[in-house]
Amino acid sequence: MSLYIEKYRPKKREDIIGNKEEIDRIFSIVKTRNIPHMIFEGPSGTGKTSTALTIARTLFGDFYKSNFMEKNASDESGVGVVRNSIKTFCTMAPLSADFKILFLDECERISPAAQDSLKRIMEDFSGVTRFIYSCNDISKVIEPIRSRCAEFHFSPLRNEDIAKQIRIVAKAESIEIEEEAVTFLAELADGDMRKALNKLQVLASYGTSINKKLLSNYDKLKNPIVGILNSLTQGRFLESRNTCKDLLLQGYSERRIISDLHKAFIHNETIPPTVKGSAIIELCEADYRLTLGVSKGLQLDAVLLKILRCIKQDNET
Ligand SMILES: Nc1ncnc2c1ncn2[C@@H]1O[C@H](COP(=O)(O)OP(=O)(O)OP(=O)(O)O)[C@@H](O)[C@H]1O
Ligand SMILES: [Mg+2]
């Protein structure tokens, strides 16, 4: 059984959904059959890797695998790796093409010293190798690399774009999914197509038709944050605090809990809008204070108590 994300990975320009202006700009350059070094910046699951692969397929046709190398920088980010494996690829002649493409994923994780040695390699071999960098945070890429590249920004995909792809995949896989569940699944994905397709695949494996109820039950089960929300709405502070503590032990950060709680509030349909509003303001303030590095445990406790107070006040009115 293959993963939907691989099975439905775009193969040509028309398959890439969303970010129309940027993608059009990229492919108008590709049309000239000569590309500059490029950096793709944007959050996960928006199509950066897929776009790089599509460029290679468009330019090299059947030879795209020989002329395209993908390296994930976070595996090995030292100067030695840059010198050896990257340089080796750069020195090899392209196959039936004018140049090859080296795709460096998560390039912000390459150490600054290694990034520095890359800029030289980029210059020395630009005749036969074009670099495409991909990153989530471009501010961590050193200026000399940025100035040698054309930058393209990938925004989170719009809900309707994700919904469109969910419908296409569901149809191709003969999955029965209610329209209401399609829009809800797209919302839950937060602009990340990978997240949407992976969730669709898990739900499809249950073998029944997918409706909104199945989706929200699955989400509650998988999402301990919803448990915190339930404890809070039932006035159980200690229970919510204990779940937070468990999550911290599992490696969640305080800011991740705050950010996930924010999403859980947004998607919850039973909490009154006034409570949602006050809770989100409290979460926002806690998030800000956490960036200042103040006592993290205390901030988390405080925000849970403040949300509890908002809920209580609403119950009393
Ligand atoms: N714009 C898109 N159009 C169609 N499918 C997409 C798009 N973006 C992502 N996908 C789907 O999600 C999967 C993962 O996307 P991809 O690997 O291109 O994301 P990415 O932006 O490189 O993410 P990361 O930053 O995590 O590396 C693809 O295989 C494809 O199935
Ligand atoms: Mg990628």
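Predicted model: local features only at pLDDT ≥ 70, side-chain atom pairs only at ≥ 80, totals over all residues.
Biologist: Now the ligand. Which domains each give at least three residues to the shell around ligand 1?

Modeller: There are 22 residues around ligand 1, and R9, S44, G47, T49 and S50 come nearest. Two elements give two or more residues to that shell, namely α3 (48-60) and α9 (193-204). As for domains, at least three residues come from each of domain 1 (19-153) and domain 2 (159-222).

Biologist: How many residues of the shell around ligand 1 are charged?

Modeller: Let's go class by class. The shell around ligand 1 has eight nonpolar residues and ten polar ones. Its charged residues number four.

Biologist: On to helix packing. Are α2 and α3 roughly parallel or antiparallel to each other?

Modeller: The axes of α2 (residues 20-31) and α3 come within 11 Å and cross at roughly 25 degrees. Angles under 35 degrees count as roughly parallel. So α2 and α3 are roughly parallel.

Biologist: Which residues of α3 make the contact with α2?

Modeller: This is a right-handed crossing. On the α2 side, the contact uses I23, I26 and V30. By class, the whole contact has five nonpolar, two polar and no charged residues. The α3 side brings T51, I55, T58 and L59.

Biologist: Which residues of α9 does α7 meet?

Modeller: Helix α7 (residues 159-172) packs on α9 at about 35 degrees, with the axes 10 Å apart. From α7 come I162, Q165, I166, V169 and A170. The contact residues divide into eight nonpolar, one polar and no charged. In α9, the partners are M193, A196, L197 and L200.

Biologist: One last pair. How many charged residues does the contact of α12 with α15 have?

Modeller: Helices α12 (residues 237-249) and α15 (residues 296-316) pack at about 145 degrees, their axes 10 Å apart. F237, S240, R241 and C244 of α12 meet L300, D301, L304, L305 and L308 of α15. Arg and Asp count as charged. Next to six nonpolar residues and one polar, the charged count is two.

Methods: Residues numbered from 1 in each chain as written. Chains lettered and ligands numbered in written order. Near = placed C-beta within 6 Å. Helix = DSSP H or I, 4+ residues; strand = E, 2+ residues; numbered from the N terminus. Domains from an automatic or database assignment. Axes fitted to C-alpha atoms, helices over the stretch in contact; angles between N-to-C directions. Parallel < 35°, antiparallel > 145°, perpendicular 65-115°, else oblique. Left-handed = near helix turned anticlockwise from the far one by under 90°. Contact = placed C-beta atoms within 7 Å.
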